[in-house]
Amino acid sequence: MTLTLAFRNLFHDRVRLAVTLIGILFSIVLVAVQLGLYLGSSYMITANIDHAKADLWITAYGAKSFEDGGLLLTPRERHQALATPGVKAVIPLIVKFAEWRKPAGGSTRVVIVGTDAEDGGLEPWALVDGTWEDIKAPESVAVDRTYLKELGINGIGDTSQIATGRVRVRALTDGVRSFTQSPYAYTTLNRARSLIGDGERTTFYLVQLEPGADLNTVQQDLRGRLEGAEVLTKEEFRNRSLKQWLFRTGAGVALIGGALLGSLVGTVIVAQTLYSSTKDHLNEFATLRALGSSSGYIHQVILMQAGLSAVMGYLLGMTIALGILVLSQGSALPLVMTPGLAFWLFALTVGMCAISALSAIVKVTKIDPAVVFNR
Amino acid sequence: MTSESVLKAQDIVKDLGHGAGMVRALKGVSLALVPGELTLLMGPSGSGKTTLLSILGCILTPTAGSLKIAGVATDRLSPEELANLRREHMGFVFQSYNLFPTLTALENVRIALDVRGQKGFPAANRAEEVLRDVGLGYRLKSYPGNLSGGEQQRVAVARAIASSPSIVLADEPTASLDAENGHAVMALLARIAKEQDRSVLAVTHDPRTLSYADRVLRIEDGRIVGEERRPEGLDAPEIADLTKRRKAHG
């Protein structure tokens with residue numbers, strides 16, 4: 001009966017129910033979009049690190065992110081790393097901003113990513129047109145098709161110029177987007193060197209360990225050998241990149257702040273409507289109390305009202321949020337929704353509604369059942 | 001007072017308000033309720049009827065005096081323990097019916113069983129049985145807004161007796177009703193007292209209700225000033241009439 005009473009109380013005043021649901025819906029959409037953008041951004045920031053087959057990353061000292069390594073490492077560091085017990089391979093990887101000259105005039109910045117796929121370090125994933133073999137052909141690069149317009153080209157076969165060198169698009173990826181909005185241009189290690197013309201220097205070394213080698217031991221060993229360079233685990237480098245782009249730039253703070261604001265607005269709206277609904281039904285709750293119901297029984301009715309609001313608001317909010325997610329997929333900053341995020345959003349909605357119910361519960365706790373005789 | 005009383009109040013005093021505005025609403029009231037009797041508590045407005053009813057119903061606590069329900073002393077009981085006592089031993093009928101407007105007649109009765117932990121089909125069957133018993137078998141799915149005042153009060157009576165409490169307390173049960181419905185409700189309360197062996201106490205200032213009472217207590221200025229016992233076995237014609245109507249409506 002508590003569920004029936006909660007349901008009827010909610011639907012008794014449909015205008016108020018609509019206000020409650022709009023409040024929750026607004027809150028869920030706002031939080032879902034903000035956190036979806038946060039996850040989408042995080043995915044973009046760490047995608048190359050996640051896809052690289054590296055147990056450890058050797059970076060120039062103080063490198064803040066994947067795009068911020070500079071070209072400071074020399075073959076000397078590579079030889080020192082290769083001489084370290086437990087190290088199986090040390091793969092050079094070049095990452096550097098460069099000027100992309102559009103065929104029709106004008107330019108934009110790209111991030112050149114140069115590596116040799118046969119080394120097993122990093123190669124463009126999600127190739128939808130062309131292969132790594134195509135990229136090995138003279139002048140070849142792979143770019144993401146999201147950025148074709150930005151790069152001033154139409155697709156495979158189009159030519160352009162990076163710095164002073166001519167390049168031809170031989171492969172296309174799908175969904176490999178850049179948080180910096182400077183598209184990645186994947187090419188071979190040697191072509192990257194020839195385009196940016198900085199000799200034997202490189203940005204990162206991807207370290208792969210021998211089977212059974214202890215990660216921490218090798219990391220400490222490498223740190224001891226490589227002065228002026230840092231040796232980071234994949235997780236450490238991911239976190240550092242996320243920290244750089246999401247928190248030092250303030251972007252992540254804004255997204256998380258938006259999500260918190262959404263939760264706060266939703267909580268306040270639901271609290272206000274639940275409180276007002278409880279106030280309207282106070283005499284009924286007093287009657288229940290007079291009939292001998294425990295305070296827990298009455299709290300159960302209020303919490304069920306909150307729970308029903310949460311479920312309905314969540315379903316409506318998620319429907320809209322998923323619609324926005326689908327629409328964002330073609331954009332440069334697509335939203336990401338994972339089962340985990342969907343679960344946490346539901347938990348957040350239920351939590352938000354439960355917190356909102358507190359004000360109503362406090363009100364109902366103070367009911368004097370004697371009012372039933374004074375009506 | 002008899003040894004079989006299910007409710008026994010002794011020297012009940014109740015002060016309302018604080019400081020200079022304090023009023024002594026009850027000034028040492030003693031009474032007992034026994035099974036099988038309909039007792040009327042009559043008195044003018046402001047005499048303390050409703051305050052006494054609230055105390056007897058464990059809704060208000062007395063300033064002084066003692067109250068025992070089914071042998072359990074109520075002083076020092078917490079609000080939750082008092083709610084337990086109400087749940088186990090009492091049914092209430094209110095002047096304004098206090099039905100849940102969003103629930104049907106059947107659900108209004110079921111919820112009184114639900115708070116007592118009686119759920120599912122047995123509770124639904126019991127609620128239906130009690131509603132048929134008060135002559136509302138044809139109104140099970142009606143909402144209070146679609147019922148007449150008399151029908152609403154009969155739903156309230158059904159809700160009060162659904163869990164078979166030993167005590168039924170009614171606050172001005174006929175005040176909002178016309179003569180015919182008022183008689184029907186009083187007849188119903190009298191029948192409940194007699195047929196189901198319950199103690200029924202009705203607070204009223206309606207003289208039309210007198211013919212249904214086994215006992216009449218008169219209260220004035222916070223004191224019981226008179227007790228009149230009606231002839232035992234009184235059977236008002238409305239009781240028979242109600243029984244007929246109940247059978248007619250099924």
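**Ground rules**
I count residues from 1 along each chain as its sequence is written, with chains lettered from A and ligands numbered from 1 in the order in which they are written. As this is a predicted model, local features need pLDDT of at least 70 and side-chain atom pairs count only at pLDDT 80 or more, while totals for chains, interfaces and linings use all residues.

**Domains of chain A**
I looked up the domain assignment (bounds come from an automatic or database assignment). It gives domain 1 as 2–44 + 250–373 and domain 2 as 62–227. I found the C-alpha centres of domain 1 and domain 2 of chain A 47 Å apart.

**Where the chains meet**
I took contact to be two residues with C-beta atoms, placed from the backbone, within 7 Å. Chain A brings 23 residues to the contact and chain B brings 25. On the side of chain B that touches chain A, helix 1 (49–56), helix 2 (79–89), strand 6 (90–93) and helix 3 (105–114) of chain B each supply at least two residues. Helices (H or I, at least four residues) and strands (E, at least two) are DSSP runs, numbered from the N terminus. I sorted that side of chain B into 12 nonpolar, six polar and seven charged residues. Here Ala, Val, Leu, Ile, Met, Phe, Trp, Tyr, Cys and Pro count as nonpolar, Asp, Glu, Lys and Arg as charged, and the others, Gly among them, as polar.

**Helix 3 of chain B**
How many residues of helix 3 of chain B are buried? I got 10 of the 10, so the helix is largely enclosed by the rest of the structure. Buried means 20 or more other C-beta atoms within 10 Å of a residue's own, exposed 12 or fewer, and partly exposed in between, with C-beta atoms placed from the backbone. The buried set includes Glu107(B), Arg110(B) and Asp114(B). Its packing partners are helix 1 (2–12) of chain A together with helix 4 (120–133) and helix 5 (149–161) of chain B.

**Cores**
A nonpolar core is a set of buried Ala, Val, Leu, Ile, Met, Phe, Trp, Tyr and Cys residues joined through C-beta atoms within 7 Å. The largest has 121 residues, and Ile28(A) and Val109(B) are among those with the most contacts inside it. Helix 2 of chain A gives this core its largest share, 12 residues. Ile28(A) touches residues including Met318(A), Leu345(A) and Thr349(A), leaving out those up to four places away in sequence.

**Two positive phi values**
Most residues other than glycine have a negative phi, which sent me looking for exceptions. Tyr97(B) has a phi of about 70° and lies in the loop between strand 6 and helix 3 of chain B. Ala126(A) has a phi near 55°, in the loop between strand 3 (107–114) and strand 4 (127–129) of chain A. Buried or exposed? Tyr97(B) counts as buried because it has 23 C-beta neighbours inside 10 Å; Ala126(A), with 12, counts as exposed.
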